[in-house]
Amino acid sequence: MATVNEIVELIAQLNILEVSELVKQLEDKFGVTAAAPVQFAAAPAAAAAAPVEAAPVEVKTEFDLVLTDIGAEKIKVIKVVRDLRSDLGLKEAKELVEAAPKAVLEAVTKEAAEAGKAKLVEVGAKADVK
């Protein structure tokens, strides 16, 4: 450790031109650059000059279940959609399925969306939770 301290003391005695030449020679000798650390050092200084409040992180609590592809079993998919959406009649459920990609459930919990997706995938459809 005494050697490092001695080197620092020697560098402190150099003028700016000599320090610049030392940096160039160290870069050449070890194949490194001193430019990148200078950029990183400037960023915290700028951040300290103008503190910015961190935006609160929003936790998503509502999800949509989107039917992306009905697959080969259209009738089974319609039955599952009617099961998921009791407010739809047979005609409306059929229209929704034929209009894929279309949201089947909107603004539901993640658990409800995942359960609905599992039912749709089980009958051969493809769905995404968004």
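In which sense do E1 and E2 pair, and over how many bridges? In this predicted model, strands E1 and E2 pair in the antiparallel sense, over 4 bridges. One point to look for along this pairing is Phe 63, whose bridge partner in E2 is Val 108.

The pairing belongs to an open sheet of 3 strands, ordered E2-E1-E3 and antiparallel. Strands E2 and E3 (126-129) stand at the edges with a single partner strand each, so one side of each has no neighbour in the sheet. On average, neighbouring strands are turned by 20 degrees against each other, direction ignored. In general, strands of a sheet pair through backbone hydrogen bonds, in either a parallel or an antiparallel way.

Helix H6 packs on this sheet and touches E1, E2 and E3. The direction of H6 makes about 15 degrees with that of E1.

Now turn to helix H4, which spans residues 74-84. Which residues of H4 are buried? They are Val 77, Ile 78, Val 80 and Val 81. Seen down the axis of H4, the buried residues fall within an arc of 165 degrees, so they line one face of the helix. An α-helix has 3.6 residues a turn, so residues three or four places apart point the same way. On the other side of H4, Ile 75, Lys 79 and Asp 83 are exposed.

What covers the buried residues of H4? The cover includes two strands of the sheet described above, E1 (63-69) and E2 (102-108). It also includes the helices H5 (90-98) and H6 (110-122).

Methods. Residues numbered from 1 in each chain as written. Predicted model: local features only at pLDDT ≥ 70, side-chain atom pairs only at ≥ 80, totals over all residues. Heavy atoms only, no water. Buried < 20%, exposed > 50% of the residue type's maximum accessible area, 1.4 Å probe, protein only. Arc of directions from axis to C-beta. Contact = heavy atoms within 4.5 Å. Pairing = 2+ DSSP bridges. Axes fitted to C-alpha atoms, helices over the stretch in contact; angles between N-to-C directions.
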